[in-house]
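Please examine the sequence and the structure shown below. The paragraphs that follow lead through selected features in turn.

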Amino acid sequence: LSDRVGRLTVIGLGPGGDAGRTAEVVAVLAAATDLVGYSTYLDFVGVGEAPAATRHASDNREEADRSRFALDLAATGADVVVVSSGDPGVFAMAAAVMEQLDEAPDSAWAGVEVSVLPGVSAAQSAAARAGAPLGHDFCVISLSDNLKPWSIIEQRLDAAAGADFVIALYNPRSRARPEQFGVAVDVLRRHRSADTPVVLGRDIGRPAESVAVVPLGDLASPEGQERVDMRTVVIVGSSTTRRFTAPDGTSFTYTPRRYP
Ligand SMILES: C[S@@+](CC[C@H](N)C(=O)[O-])C[C@H]1O[C@@H](n2cnc3c(N)ncnc32)[C@H](O)[C@@H]1O
């Protein structure tokens, strides 16, 4: 075993292309000896961005294995970067690495210097495209029931909508559970009017980017729900979120800073 201290840095790439990276993420990628991550996200890192790095691509569902692999590699003295999309702390790899470290405090990973660098999360990117829908209190909820029961998700949606938060929904609608998004919309409709603005940000920062603002009522129908998939972040307005047309003709959606 080498006595060098390795490094493991968990980073967020931002939503897509290199224009969304922070300067510290750019620097860490440039110095990396190894990149570890889900293959789709590793593909977002250009060869020139991490010229010296060996790439270790994995399946999307192997977060625990991937974290242990990255820690083992760093323990040999490597400069390992674990790659997430958006922000690594939002439904991504930073917590997965923490879980492994927390479970094995006396392990061979003792010499590894672990750090997390933030990135621009999908909700922030989509919000900026639409105007300022996160301008007042908001919360973020994943609709994935891989790691938590659906009953908890429904309870949180109900509580957040009842508290009049703007709500950003991640992992909103997958092929494996297409009907649950409709249930989520029904829960939100208990507290929000049909004309509440909803931002649908899809593939933000990537070549296929699209942003649409639709009334919440439109998402009650199967056709409306078809517009939402796992490449979409959904921002549901609060009771005060508004849409208006600016003097240059641009349509913006925002949540005022003052509460009535
Ligand atoms: C596992 S979560 C990862 C979130 C990521 N760590 C972040 O901070 O953006 C994946 C979900 O994030 C959202 N997402 C990630 N990148 C996106 C993008 N470029 N455009 C729209 N939504 C995105 C989608 O809701 C997707 O289902």
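**From the surface to the ligand and the salt bridges**

Phe91, Phe138 and Val140 together make a nonpolar surface patch of about 260 Å². The model is a predicted one. Most residues other than glycine have a negative phi.

Asp164 likewise calls for a look at its backbone. Its phi is near 65°, a positive value in a residue other than glycine. Asp164 is placed in the loop between helix H6 (150-162) and strand S8 (166-170). With a relative accessible area of 15%, Asp164 is buried, because the limit for that class is under 20%.

The ligand may be considered next. It is surrounded by 20 residues, of which the closest are Asp87, Val90, Ser121, Met230 and Thr232. This shell comprises 10 nonpolar, 6 polar and 4 charged residues. A backbone N or O atom of Thr232 lies 2.7 Å from one of the ligand's oxygen atoms. For Ile204, a backbone N or O atom is 2.9 Å from a ligand nitrogen, and for Val233 the corresponding distance to a nitrogen atom of the ligand is 3.5 Å. The ligand taken alone exposes 570 Å², and the protein buries 92% of that.

What does the side chain of Ser67 reach? It reaches the backbone oxygen of Glu63, at 2.8 Å. Ser67 is situated in helix H3 (residues 63-75), and its relative accessibility of 0% means that Ser67 counts as buried.

Attention now turns to charged pairs. Side chains of opposite charge can pair when their charged atoms come close. The structure holds 12 salt bridges. One of them joins Glu49 and Arg21, whose closest N and O atoms are 3.0 Å apart. This pair links distant parts of the chain, 28 residues apart: Glu49 lies in the loop between helix H2 (39-43) and strand S3 (54-58), and Arg21 in the loop between strand S1 (7-12) and helix H1 (23-31). Glu49 is buried, at a relative accessible area of 16%, and Arg21 is buried as well, at 8%.

Another salt bridge brings together the side chains of Arg202 and Asp229, at 2.6 Å from N to O. Because Arg202 lies in strand S9 and Asp229 in the loop between helix H8 (222-226) and strand S11 (232-236), the pair ties together parts that are 27 residues apart in sequence. Arg202 is partly exposed at 23% relative accessibility, and Asp229 is partly exposed at 21%.

Arg206 lies in the loop between strand S9 (197-202) and strand S10 (210-215). Its side chain meets that of Asp203 in a salt bridge of 3.2 Å, N to O. Salt bridges that share partners join Arg202, Asp203, Arg206, Asp229 and Arg231 into one network. Arg206 is 42 residues from Asp164 in sequence, and their C-alpha atoms are 31 Å apart in space.

Methods:
Residues are numbered from 1 along each chain as its sequence is written. This is a predicted model: local features need pLDDT of at least 70, side-chain atom pairs count only at pLDDT 80 or more; totals for chains, interfaces and linings use all residues. Side-chain values use heavy atoms; hydrogens and water are left out. A residue is near a molecule or strand if one of its heavy atoms lies within 4 Å of it. A polar contact is a pair of N or O atoms within 3.5 Å; within protein, one must be able to donate a hydrogen and the other to accept it, and residues adjacent in sequence count only if both atoms are side-chain atoms. Accessible areas come from the Shrake-Rupley method with a 1.4 Å probe; for residues, only the protein chains shown count as cover. Ala, Val, Leu, Ile, Met, Phe, Trp, Tyr, Cys and Pro count as nonpolar, Asp, Glu, Lys and Arg as charged, and the others, Gly among them, as polar. Patches are made of residues with over 30% relative accessible area and no salt bridge: like charges are joined within 9 Å, nonpolar side chains (Val, Leu, Ile, Met, Phe, Trp, Tyr) within 5 Å. A salt bridge is a side-chain nitrogen of Lys or Arg within 4 Å of a carboxyl oxygen of Asp or Glu. Helices (H or I, at least four residues) and strands (E, at least two) are DSSP runs, numbered from the N terminus. Buried means under 20% relative accessible area, exposed over 50%, partly exposed in between (1.4 Å probe, protein chains only).
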